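Visitor: I would like to learn how to read this structure. Could you walk me through a few of its features?

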Amino acid sequence: MTNKQLNIFNTLSGKKEKFVPIHKSKVGVYVCGPTVYDFPHIGNARPLVVFDVLYRLLLKIFGKGKVTYVRNITDIDDKIIDSSKKKKTSIDKLTSSITKSFHDDCKYLNCLKPSFEPKATEHIKGMIAMTENLLKNKYAYEKDKHVYFSVNSFKNYGKLSKKNPEELVAGARVEVSKLKKDPLDFVLWKPSLANDPGWDSPWGRGRPGWHLECSVMSEKFLGKNFDIHGGGLDLVFPHHENEIAQSCCANKVDKFANYWLHNGYVTFNKEKMSKSLGNIITIEKMKGSINGQVIRLALLNAHYKQPLDWNENLINESQNTLDKWYTQFEKTNQDDLDEDLLQPLLEDINTPGYISKLHLLYDKASKGDKSSKKLFLAGCKLIGLLEEDLETWKKFKKTKSKIDEKTIKIKIKDRENARKKGDYKL
């Protein structure tokens, strides 16, 4: 299917572009994975599902064995150290537990395994080497056992976020430190306290900065210049901006990733998700009451670049759609798809448009059109739906939580009252 043209919105250029891979028959994709300090929530699930669909689509276009998908695990970070202290558990136990939960979530949401899933702690040597390189070439400086990247040394800083340095300082939370020459300079290496994780380096025992980790791991598996880098909109600045700066300077290249894709935010009942508001919904908590396919379809109901509001109606609509679609379920090996059905996905991964076409195929299939049924089932399979057999689907429905509607409404009212009073703990 290499004749199918994929067009994607590139955050770097600010416009939709034809996707042209660096190598004709080889595609490299890197997506920022979880920082394993707490259980993944529905906001974390969105990039998981969005980029899983992109991976499936690239496999369909270029063929199996032609796409390398790398999604990292950040298992050393200040958030992890703070969380382990609060939970009074070792960092190893914490990161192992959260990583296992993350993998369970991926399985629950029917996400394919990436080609590689590197852990930051497995690539410390590479991070030290990149830091040495940047120091040697005057892109970084050392101060009191800290090593900082000098933003002024990279002329294209701010190109991804479309802002100049002054705007970035004013509009974003950047780490404040008297050791920095410029407020935007970011840490490549920092010293570790005696009881905190650390590795020997030319600057003393310490650990890498968060941004450095992704630059080193993406280069290891995809090279100095690769095709697509993805992640949530919240990562554009400072994380992705900093990755570009250090990678281009260390590797002496004009481009790091050719295409940058970012998914929009997830809100809950039109409120921003935050721990202070008590509206963080972990994927773990949904497993007992909602089938993972329902969550998956709900997350694909809005275009990936747009914000998505997570609410009861969205879940109910997805549940009802899948209940209906499962009436046409049968096992099939067909995966041939016509161009008309694929077109929405080829135009910047337009999943709502694609789902609309699946509805039309379902209507024809339910009237006995056998060719439409085959196409419908193959179309669902492409985006990771209807891959669970009918008995499993029915069984899950029977065993799901039996909380009645009246109880749910009371709980919603209690929550609203508590929010008005500022009682966020309740």
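Visitor: In which sense do strand β1 and β2 pair, parallel or antiparallel?

Guide: First, a word on what you see. This is a predicted model, in which local features need pLDDT of at least 70 and side-chain atom pairs count only at pLDDT 80 or more, while totals for chains, interfaces and linings use all residues. Residues are numbered from 1 along each chain as its sequence is written, and side-chain values use heavy atoms, with hydrogens and water left out. Now the general idea: strands of a sheet pair through backbone hydrogen bonds, either parallel or antiparallel. Strands here are DSSP runs of E with at least two residues, and helices are runs of H or I with at least four, both numbered from the N terminus. Two strands pair if DSSP finds at least two bridges between them. Strand β1 (residues 7–10) pairs with β2 in the antiparallel sense, over 4 bridges.

Visitor: Which residue of β2 is the bridge partner of Asn7?

Guide: Look for Lys18. The hairpin of β1 and β2 has 4 residues between the strands, and Gly14 there takes a positive phi near 75 degrees.

Visitor: In what order do the 4 strands of the open sheet come?

Guide: The order is β4-β3-β9-β10, and the pairing is parallel. β4 (67–71) and β10 (257–263) stand at the edges with a single partner strand each, so one side of each has no neighbour in the sheet. On average, neighbouring strands of this sheet are turned by 20 degrees against each other, direction ignored. For such angles, axes are lines fitted to C-alpha atoms, for helices over the stretch in contact, and angles run from 0 to 180 degrees between N-to-C directions.

Visitor: Over how many bridges do β9 and β10 pair?

Guide: Strand β9 (residues 226–232) and β10 pair over 6 bridges. As an example, His229 has Trp260 in β10 as its bridge partner.

Visitor: Which helix packs on the sheet, touching β9 and β10?

Guide: That is helix α7 (residues 236–251), whose direction makes about 160 degrees with that of β9; contact means heavy atoms within 4.5 Å. Of the 16 residues of α7, 15 are buried, so the helix is largely enclosed by the rest of the structure. Buried means under 20% relative accessible area, exposed over 50%, and partly exposed in between (1.4 Å probe, protein chains only).

Visitor: How many salt bridges does a search of the whole structure find?

Guide: Side chains of opposite charge can pair when their charged atoms come close. A salt bridge is a side-chain nitrogen of Lys or Arg within 4 Å of a carboxyl oxygen of Asp or Glu. The search finds 20. One of them joins Lys16 and Glu347, at 3.0 Å from N to O. Lys16 lies in strand β2 (residues 15–18) and Glu347 in the loop between α11 (339–346) and α12 (351–366), so this pair ties together parts 331 residues apart in sequence. Lys16 counts as partly exposed at 46% relative accessibility, and Glu347 counts as partly exposed at 26%.
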